[in-house]
Structure formats: C-alpha cells, structure tokens
Amino acid sequence: MALYDYDIGIIGGGAAGLTVAAGVSRLGARTLLIEREGRLGGDCLHYGCVPSKTLIKSARVYHMMSHADRYGLPDIRPGPVDFSRVSSRIRGVIDRIQQHDSVERFCRLGVKVEFGDAAFEDEYTVAVNGQRFTAARWVIATGSSPAVPEIPGLDETPFLTNRDLFYMDSLPKSLVVLGAGPVGIEMAQAFGRLGSTVTVIQRAGQILVREDRDMADAVMAHLVEEGVTVHLNAAIMRVRDLGHAREVLFEDGDGFEHTLEAEAILVALGRAVNVQGLALLTAGVDYSARGIEVDARLRTSQKHIFAAGDVTGKYQFTHAAGYEGGIIVANAVLRLPRKSDYTWFPHATYCDPELASIGMNETAAEKAGVEVKVWKEEFGGNDRSLAEGYDTGFLKMLVDKRENVIGVQILGPHAGELISEWVAVLNGKVKLSTLAGSVHPYPTLGEINKRVAGSLLAPKLFSESVRRKLRFFFSLKGRACEPGGASSAITTEM
C-alpha cells in the first residue's frame, strides 16, 4: 500500500474547502488545507456574500431614514453617506466572522494549513512554495473570480469588480453597472440608495434572466422607482477612460448608439472558474472553461480527486459549496456512495424586496415540457407585510397534473427566509394539507406559505358537492346573506 503524507489534501480555503477540512479532520483523517490568499474564508467572506449583504443592510437603513415619513415619522433628510464608515463596518463584520475561519481554529481541529499557489506534479502530488505534499485523496475547491469580458477599451480603463467594491474610501457620484444578474442588481440598488446615480446596462431583454419574467420585471420596477436607470437589449460597444470619468458607448435594441459618462464602472458579467496554474492536465483531471467535470459523487476524471464549489461551474452559491463539501466527506472518508441532488436547491437575490426560489419556476418548467398550474398569493393580502410597509410582491407555487409541488418562487420582504419553510416541506415530503393545517404565529410573513397551500385545497373542501352532503346529513340552511340584498331573518319556535 502506498504511503502518503496526508489522507486528504484540499486546495482552496473557501466554503467548500473549509467544510471538507472540518468534516474529515474530525473523523480522524490527516488533513492538509492549501489556500493561495493570505487568509481563509474565500471569496464569499471577503468579497462576496458577507460584505455585499452588510452593504445592502446599510443601504436599506439609509433608504428607510430618507423615507421616514412613509412610516408616520418626521420627514428628515439625513446627510450624505461617508462610504469610508460603511466600508469600516463591512470590515468589522468580516473580522468577526474570520474568527470562525481562522488558521488557529482549524489547527485545533487537526488541519495543517499552508498558504501559497498549488500545482499538481502528478495525480497524488502537489507542490506549494517549493514543497511537495502527497495525499491519498485530493479536493479541488478553488472557487471562481469575476469574469472580465473582451470589451474594446476595458483593458485600458479602470473598473470595479466585487473584489474592489466594498473597500472604497468614497462613494462614487455615478456608477454604470455592466450586467443585470444577482450581483449587478443587488449592487445597483444598494449604491443607488446610498446616493450614487446608477445606470444598469443589460444585453438581454430582462434583468435576472434565470427568473420568471413577471418577477424580474417587478424587481426592475422597484429599481426604476428608486431612480436606477436600466437599459435592456443593450450591446456594449466600447469603454474609455476620460481621466475625470469613464465613458461607455452602447447600442440599444433599435440600433441607436448612446454614450454614458460615470465616475466608476462595475463589471458584473458573471464568474470565471479558478483553474489556472493548477496543472490539472498533469494530474489527469478533465476540465473546460466552464469548470471541472465531476460526477454525481463529485469525483473528477481521477476518482480519488474531487471538486466542489464554484470551480465546477454548476451551482455557484456558497450554500451549494457547503452542501457539496458534505457530499465529499461522505465519499472520501466515510466511503459512502452519496450522490449530490439539486432537485430542491434554493437560491435568493437580496434586492429589496427579495426574490427567492426553490425547484422549478415557470420558465424552467416550460423548457422541460412540464405542464404546471400556478397558485399565487399577494403580499398585499398579508397583514404583517402591510404593517412592514410592503404592499407589493407575491408568492407563486407551481404544481403538476397530480397537484404535487414542483417549485415555489417568492418576491417579497424576507423572501430568503420565507423560502426556508419550503426547503423543509419539500425535502421532508410534507403534505400540503399538513402545511395548510399548521399553526403559524400571527401576524407573520410566514402565513403566506400556509395560505397558498390552503388556497389549493380550499376548492375541494368548500365545493358544492361537500355543501350538498352537509345539508343532507346535518340540515344546514345555507347562506344567511346575499351581496346587495337583505339578510334573511331566521326564527326558531320554542
């Protein structure tokens, strides 16, 4: 039997890598963790989820302060935003979370941490900083980076990505956002609320192209109402550095050219997988520009080498990386043939109101040829939503011919939290009758989940057939009032 330095080696100290490292080391595996940055936590902690949601919260509070009169409070005008203070708060939140992702914590778990660029020398050996490490199994969890498209002039023009956005000293007076995916939309709204003049340029005919059109359009309507300008069906022709500003030339859907000037440009046009420099071909690992190819057990073309997280190019979310890390722990150490299953995989966009989804939406169902019926509930009918100041937004529940739920989408306040009930319901195979019959505290936003389940069941329970039977067996007398008419007086002889 071959002897290796480690039972398992992990390249990448983000969500996937840290999940694997913590799991396998606690099971007794001798573990090596390699990270090219100078600290653990990955893109999510330092440049993605954590700083963006911290920024979004600051922007939301400032927005509410600026519209206090909507809540019956004095109409105040807060001063301009000092972005250095916002940035300082972001760093403070990151530092607190960093304590959980520290080298010291993982050392206590038994994990050896090395910092530096890793490259395979063969399928069992990786070189880092001139040292060679061998492991019986390897995990590639190197994540992704902002994709930088080949736009004429972009390579000569300063621009921002998510790696720069949260550490600026000042708020840009104006910002052009290239791309209208989740990152572009979240940041467009946040910076618009903080005081930047924001313009979004989107090549497609809608924002958030993976979402249903009605939900994407509703989100866009909120952004436009708040002052964000959105150009759809727009092709970017070139960008240019003017010194005092940045210039963007684009063509609209009718073929007319337009020129924009802004203090800053944010490139939010997707992600590129981090495979450069790993020498994957040396290890015999198949990959493409889209990502490393893996099977359902997250094994690469070399069965002792696994890959998880953004680097696979599939589900580029932090919670996907964590889930996939658990799949690898089961396969690599416990030797259980556990397969990944994304049937009930949730995701959310943290605009305001939030947009969250699980399972199929109408767009996906149509592409798959699945016939669905849609049940809808409006947040305007939810008492807590109205109390919170939200009178728009809605929930859609999709059911198939057998009335099995195949997907739920929510556009409304705290949609990312509300979808979690559906995560439990759908993964736990809970019946809709159980959800409809469960007791939710009043008044809460969560009642909308119970209500949509009840709306599907109500036509059966309150059908004419049921009423006829009840009248027959229990002599029920029927309606006591008709709209537009007088109520019937019912007397009982004693």
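I started with the second largest pocket, which holds about 970 Å³ of space. The model is predicted, so I noted the limits: local features need pLDDT of at least 70, side-chain atom pairs count only at pLDDT 80 or more, and totals for chains, interfaces and linings use all residues. Residues are numbered from 1 along each chain as its sequence is written, and side-chain values use heavy atoms, without hydrogens and water.

My term for a pocket: an open set of points on a 1 Å grid over the protein atoms alone, where a 1.4 Å probe fits, with protein on both sides within 12 Å along at least five of seven lines; lining residues have an atom within 4 Å of a point. Volume is the space filled by probe spheres set on the points, which are joined across faces, edges and corners.

I found 34 lining residues; His63, Arg193, Glu226, Asp352 and Tyr390 are the closest to the centre. Helix α3 (49-66) is one of the elements that supply at least two lining residues. The largest share, eight residues, comes from α3. Elements are DSSP runs numbered from the N terminus: helices are H or I, at least four residues, and strands E, at least two.

Next I checked strand β23 (residues 405-412).

Which strands flank it in my notes? β20 (residues 354-359) pairs antiparallel with β23 over six bridges; pairing needs at least two DSSP bridges. Serine 357 stands opposite glutamine 409. β22 (residues 394-399) also runs antiparallel to β23, joined by six bridges. Lysine 396 has glutamine 409 as its bridge partner.
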